[in-house]
Amino acid sequence: MKNSPDAVERAETIARSGAIDVVILGAGINGAGLFRDLSAQGVSCVLVDKGDFGSGTSAAPSRLIHGGLKYLETGEFGLVAQSTLERNLLLRNAPHCVTPLPTVIPIFSWTKGIGAALRTLFGSRSAPRSRGALLIKAGLAIYDHYGSRNRVMPRHRMVGRRTALSEMPALTPSIVATGTYYDAKVSLPERLVYELVADGMAANPGSAALNYTGLASSEDGVLTFQPQAGADPISIKPKLVVNAAGPWIDHVNAALGAPSRMIGGTKGSHILLRHDALIKALKGQMIYFEADDGRICLVYDYLGLALVGSTDIPADNPDTVKADQAEIDYLIASLRSLLPGLEFDHSQIVYAYAGIRPLPASNAAVPGLISRDHSAPVLEPDDSRPFPIISLVGGKWTTFRGFAEEVADNVLKRLGKNRSASTRTLAIGGGKDFPPDAAARATWLAQAAGASGLSRERLETLLARYGTTALPVAHHCAASSRSEEMLRASSYSLAEIEYIAGKEQVGHLADIVMRRTALAITGSLNRHDLEIIARVAGDVLGWKQERIATEVESVVSLLGERNLLKIE
């Protein structure tokens, strides 16, 4: 069970040099974003995660890149301003996996919620149970204003009941109107985390990233890490440590000898349904709606399945979190109320997942009123610890770049260095040189076909899947003896799996099916394909037959227990 040999060797070489500026603990979206930013500034960083890149909370979002319309209620206008800007930037910097998402809000009254919203805005601990058309109209107008910087999508519109039901007949007839605005979605957030890590590694040969590597000890300013069995421990003496462990932040600070109480998370659960009639009714739009108890839920087309979420309940154990039956029943009941003409039952569930939002510790009576903003408190050095610890508290997927920029500027100041590169217009991974329109796409496909020898149709699939990094994937596929072999239940080729296993720091079979691809979350797996994927990965990574069998059984057990996905 070894980490990537190249990654370990690179980290060991950097550690021996004694010139490491920063260690980042936690390779979720915030840690990976900071790693890329600091590496681009020439800061030597080692990014470490006890699991795979993007395998914790960052793998359990609603898969939205949104400006935070709901944050207007709690007066977090600065967060909305930053979120809408970062959403627009991501649409430009990661167009291969972040795309616009028209969003419909069903409205059930004209005037309700104004008084409650004003009380919440001025500090009340109770959120509105119903938000009427006037309140939503005001919110959408403010939202449009904040989203005007680097605008890439239309402004909102509102229509009355008759027009709304003609446009989306499946909605409950109890609505009085709908509002439509635009946010965005990310096709595979776990893969985007990996791309940020890869970008950081490419930007700075003095930086390294290790997954499946635990913090073994912290003594006299030296951090000792233990990669997976078979690799020697790595000792690093950093100038500064960033704790980006999300819901594990307090645990990590304790391990560093700096106990804290910074995190008080809530649990968000989601389900994915195979429901053709629902997908047809949505028409490519998300419905962002109030459940009967006033909580906000959503449903939209995610890679051909209906993604439904999310709950928001207090929880604090990220190691055992999963969607429980009560939450699933709640989401199904909410859909039945919203879309009474459609049938919903538990047999339609393909996949379920849950995560702990790493929110700041709070005594708020209503979880939805806990701030989604971020902060970076600093634990200064003391007699037993010569380095400061910056903890990345809170935040959300959409704002990772801006959060990373703020923290990176603080780190640079502490190191006595200046910012040399901006990430504001820096493309991510396969978003670099991504063709912006049909004509550019046709040119890219023609050139890639000539360079790789693959068909245009196959390249279309690879471009949608990997962005412009599809080209090295295509070259590998063309040269592979497995080029024409495909999995039974999906459009992935065995040559693609081969490339991912060899080039993308894969440590386990789960990394391939749950994070480097969308095979698991879309239910595109059966036992036959899973065993083939494991054998291909085993050939590349040197796994013996016993290891291959163990990896298969581990994935079957994990997906069945935690994600309700039965592999047969």
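R63 sits in the loop between strand 2 (45–48) and strand 3 (64–65), where strands are DSSP runs of E with at least two residues and helices are DSSP runs of H or I with at least four, numbered from the N terminus. The model is a predicted one, with local features needing pLDDT of at least 70 and side-chain atom pairs counted only at pLDDT 80 or more, while totals for chains, interfaces and linings use all residues. Residues are numbered from 1 along each chain as its sequence is written, and side-chain values use heavy atoms, with hydrogens and water left out.

The backbone at R63 has a phi near 65°, a positive value in a residue other than glycine. R63 counts as buried, at 1% relative accessibility; buried means under 20% relative accessible area, exposed over 50% and partly exposed in between, with a 1.4 Å probe and protein chains only. D220 also has a positive phi, about 55°, without being a glycine, but D220 is exposed at a relative accessible area of 69%.

D220 belongs to the loop between strand 8 and strand 9, which takes us to an open sheet of 3 strands, ordered 8-9-10 with antiparallel pairing. Pairing here requires that DSSP finds at least two bridges between two strands. Strand 8 (213–219) and strand 10 (234–236) stand at the edges with a single partner strand each, so one side of each has no neighbour in the sheet. The twist averages 25° from one strand to the next. Strand 9 (residues 222–227) and strand 10 run antiparallel and are joined by 3 bridges; T224 has S235 of strand 10 as its bridge partner.

Another backbone detail turns up at the peptide bond from G309 to S310, which is cis with omega near -15°. S310 lies in the loop between strand 15 (305–309) and strand 16 (313–314).

As for helix packing, helix 14 (residues 470–479) and helix 15 (residues 494–503) pack at about 120°, with their axes 9 Å apart. Axes are lines fitted to C-alpha atoms, for helices over the stretch in contact, and angles run from 0 to 180 degrees between N-to-C directions. Helix 14 and helix 15 are therefore oblique to each other (under 35 degrees is roughly parallel, over 145 roughly antiparallel, 65 to 115 roughly perpendicular and the rest oblique). P472, V473, H476 and C477 of helix 14 meet A495, E496, E498 and Y499 of helix 15, contact being heavy atoms within 4.5 Å.

Helix 16 (residues 509–516) packs against helix 18 (residues 545–563) at an angle of about 40°, with axes 8 Å apart. That makes helix 16 oblique to helix 18.
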